[in-house]
Amino acid sequence: MSDIRLIVADPGHFHAALVQKEMDPNLSAEVHVYAPVGPDLADYLARIARFNTRSERPTRWQLEIHAGPDFFERMCAERPGAAAIFSGRNRGKIQRISAAIEAGFDVLADKPLIIRREDLPVLEAALNAADERGLIVFDMSGGRQEIIADLTRLLCHDPEVFGDPVAGTRADPGVTMASTHHIMKQVAGVANPRPPWFFDITQQGEGLADVGTHLVDRVHSTLFPECAIDYRRDIGVYTASRWPTIVDAAQFGRVTGEAGWPDYLEPWVKSDALEYFCNTRVQYEIRGVHVALETQWNWEAEAGDDTHTAVYRGSPARLELRQGAAEDYRPELYVVPAADVSGALERRIAALQTVYPGVGLAGSGREWRVTVPDALRIGHDARFAQLTRRFLDHVEHRRRPPSWEKPNTLAKYYVCTEGVALSQG
């Protein structure tokens, strides 16, 4: 084991535990946890205990718990490790990240880093400070490790298959994307409880500010991979709307374990049901390409899990990500031609064999599905392990993130926070 030691700060979201689902040779087994006493800490400790006692590949985490109301001040003063994990309440997260950078920590932070447009300058200052101090700041964008995202990006930049991106219009965008998440779900094989504050949009953020960061990241990294995006010049956000998912008292009690509504949710409780404003539509333009995104939260999936769909329009063909019943609720990539691209597509898929062995094609000239072997697919939890390894590699070797990461992080959060502000009127 390496001497790199993790510090976990106020782990209010299950993603903090997922970072530790597997042991890593670059990481010490000793982990220091700084948090207030309460149910969030108890839930985190229970998850780590399950990882340590499972029958297959049990982990060996040794937790040192530092609990109390002054936990964050103690963390910055004591510094028992080099890398701090932030995954919890989103309001005020960027201020704590800024303080951690000031104290000399590398940071792995769960999305979203900010949920309000007013905090974009604070985020920019924090990223600048990390650069000046030679510190590593990673935003948890686990979706980048997903193979369908890789294949979409590669086909999107094949001029014989995709051609040029269709700019589209506000009424008929060049890119459309939607995600549907579920409040009641299972994570790592067990029912996933939600803390009551999860439903407070002033703490958790609305849907676009939270899970919407993945959609925006996917659009930008697909259309403009490894290119710096300047949100001041390259992006215009022009319309957004929001609507609530209704959560009744019984559902709220089932997922939180609470017997009643907390006082801070009262502004959104109508007739003993919560108006949870977690759904957003936004339309914007990036470098001339019109984009429409939608994030939605339902109560519970009737079948499958969270879903993601997308359409990228190119001049001779469009790329479609589907994840419905026909796909058995697994993400699948389709190529839908408007011209004859069969030869070019077959050549591209053949060329990918060295990197993605076993990838193939199914279908005919009307449309093709890009077939992906199960061995190349990794799930939500496994992507966190990959992301953690990348972060630790940067920390161990003091390798700074690519130069385009900082402007693109700001561009992503500009779209999300500006969209939320516009949707609120």
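How many residues of the lining of the largest cavity are nonpolar, polar and charged? The legends below take up this and other close-ups of a predicted model.

**Figure 1. The largest cavity and its lining.** The residues of this lining divide into 5 nonpolar, 1 polar and 3 charged. The cavity has a volume of about 60 Å³. Its lining includes Val19, Glu22, Met23, Asp24 and Leu27. Trp61, Ala385, Thr388 and Arg389 also line this cavity. The model has 3 cavities of 30 Å³ or more.

**Figure 2. The second largest cavity and its lining.** About 40 Å³ of space lies in this cavity. Among the residues that line the second largest cavity are Ile148, Ala149, Thr152, Met177 and Arg218. Thr222, His308, Ala310, Tyr312 and Leu321 line it too. Helix H6 (147-156), H8 and strand S14 (307-313) each give two or more residues to this lining. By class, the lining has 6 nonpolar, 3 polar and 1 charged residues.

**Figure 3. Helix H8 against helix H13.** H8 spans residues 212-223, and H13 spans residues 405-423. The two helices pack at an angle of about 130 degrees. Their axes lie 9 Å apart. H8 and H13 are therefore oblique to each other. H8 passes H13 in a right-handed crossing.

**Figure 4. Residues at the contact of H8 with H13.** From H8 come Gly212, Thr213, Val216, Asp217 and His220. They meet Ala411, Lys412, Tyr413, Val415 and Cys416 in H13. What classes do these contact residues fall into? They divide into 5 nonpolar, 3 polar and 2 charged.

**Figure 5. The second largest pocket.** This pocket has a volume of about 380 Å³. It is lined by 22 residues. Val137, Pro401, Glu405, Lys406 and Thr409 lie nearest its centre. Which elements give two or more residues to the lining of the second largest pocket? They are helix H5 (120-133), strand S6 (137-139), helix H12 (380-397) and H13.

**Figure 6. H13 at the second largest pocket.** H13 gives the most to the lining of this pocket, with 4 residues. By class, the lining of the second largest pocket has 9 nonpolar, 4 polar and 9 charged residues. H13 also packs with H8, where Ala411 and Lys412 are among its contact residues.

How values were computed
Residues are numbered from 1 along each chain as its sequence is written. This is a predicted model: local features need pLDDT of at least 70, side-chain atom pairs count only at pLDDT 80 or more; totals for chains, interfaces and linings use all residues. Side-chain values use heavy atoms; hydrogens and water are left out. Axes are lines fitted to C-alpha atoms, for helices over the stretch in contact, and angles run from 0 to 180 degrees between N-to-C directions. Angles under 35 degrees count as roughly parallel, over 145 as roughly antiparallel, 65 to 115 as roughly perpendicular and the rest as oblique. A crossing is left-handed if the near helix is turned anticlockwise from the far one by less than a right angle, and right-handed if clockwise. Contact means heavy atoms within 4.5 Å. Ala, Val, Leu, Ile, Met, Phe, Trp, Tyr, Cys and Pro count as nonpolar, Asp, Glu, Lys and Arg as charged, and the others, Gly among them, as polar. On a 1 Å grid over the protein atoms alone, a cavity is a set of points where a 1.4 Å probe fits but cannot get out, and a pocket is an open set with protein on both sides within 12 Å along at least five of seven lines; lining residues have an atom within 4 Å of a point. Grid points are joined across faces, edges and corners, and a volume is the space filled by probe spheres set on the points.
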